[in-house]
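Dear colleague,

I am passing on the structure below, together with some notes on what was found in it. Please read them alongside the model.

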Amino acid sequence: MASFTSLYSGSSGNAALVGCGDEYLCVDMGKNCKTTLAALHDAQVEPHRLQGILVTHEHRDHIAGLKVFLKKYAIPVYGSSATLDYLAEYDLVQPSTVLIPLEGKSDQIGSFEVASFATSHDAVDCHGYRITTADGRQLALATDLGWVSESVYSNLQNADLVVLEANYDAMRLKNGPYPYYLKTRIASARGHLCNTDCAAALARLLAEGCEKFALCHLSNENNTPELARGAVQQAFEAQGAQIGQDGLLKTLSRHMVTAPIEF
């Protein structure tokens, strides 16, 4: 059975596991090695079971733990060429780390088939991932994106589990303490995804047959799990659907391991 486990998710750090059988992929590693190892222990996954680490982009909340972790465990790192070049140039991985570019093609990593797709974010080159497990199940993950383009949407379609960013509530961001330039950056097309836009995408996917969803990268200052979940519930209800009855929805924790979602 395929599973998805969030180790931690939010602006303070992001990391998740996709598993099938005895093999796992890690997506990002945005907290220090000690915290990540503790989370892996809580998830009952030994580091040597990781077949690879997929990096979405180079921002610290996605790669902060990489270098020390890779000193302990020689696991290949996958990402876009530009992202991997950045990691190497700025000494964010070990010199001996095997770096394998992914964009533009699918790659076999252990028993997983992995394809990447570009997302709109103010990074060197931000990507989401679509992962097919050995038993044919598919997960699509897109975090850190200012909007859901049709290209991104096409990579989410028909997945058995969709993990999508619900970073901020628009009114909470507008009325919150952030300086204007930061509010503008977050709300831009190269910033983060608001609850409303996330909910609209998920409702559309639900109508097309997707049934399992997880909300990731919630802002601590500009969102709450209740607001994010409420926005999705409202979008589902607008088309006569209910969370729980017509679709599974999980909100990923900022600091705690979220129980595995089977898909």
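The lining of the largest pocket divides into three nonpolar, eight polar and four charged residues, where Ala, Val, Leu, Ile, Met, Phe, Trp, Tyr, Cys and Pro count as nonpolar, Asp, Glu, Lys and Arg as charged, and the others, Gly among them, as polar. This is a predicted model, in which local features need pLDDT of at least 70 and side-chain atom pairs count only at pLDDT 80 or more, while totals for chains, interfaces and linings use all residues. Residues are numbered from 1 along each chain as its sequence is written, and side-chain values use heavy atoms, with hydrogens and water left out.

A pocket here is an open set of points on a 1 Å grid over the protein atoms alone, where a 1.4 Å probe fits, with protein on both sides within 12 Å along at least five of seven lines, and lining residues have an atom within 4 Å of a point. Of the 15 residues lining the largest pocket, S11, D61, R185, H192 and H217 lie nearest its centre.

Turning to the rings, there are three aromatic pairs, counted when ring centres of Phe, Tyr or Trp (its six-membered ring) lie within 6.5 Å, with planes under 30 degrees apart called stacked, over 60 edge-to-face and the rest tilted. One of them, F69 with Y73, is tilted, at 5.0 Å centre to centre and 40 degrees between the planes. F69 is buried at 0% relative accessible area, whereas Y73 is partly exposed at 26% (buried is under 20%, exposed over 50%, partly exposed in between, with a 1.4 Å probe and protein chains only). F213 and F236 form an edge-to-face pair, 5.9 Å centre to centre with 65 degrees between the planes, and both residues are buried.

Best regards
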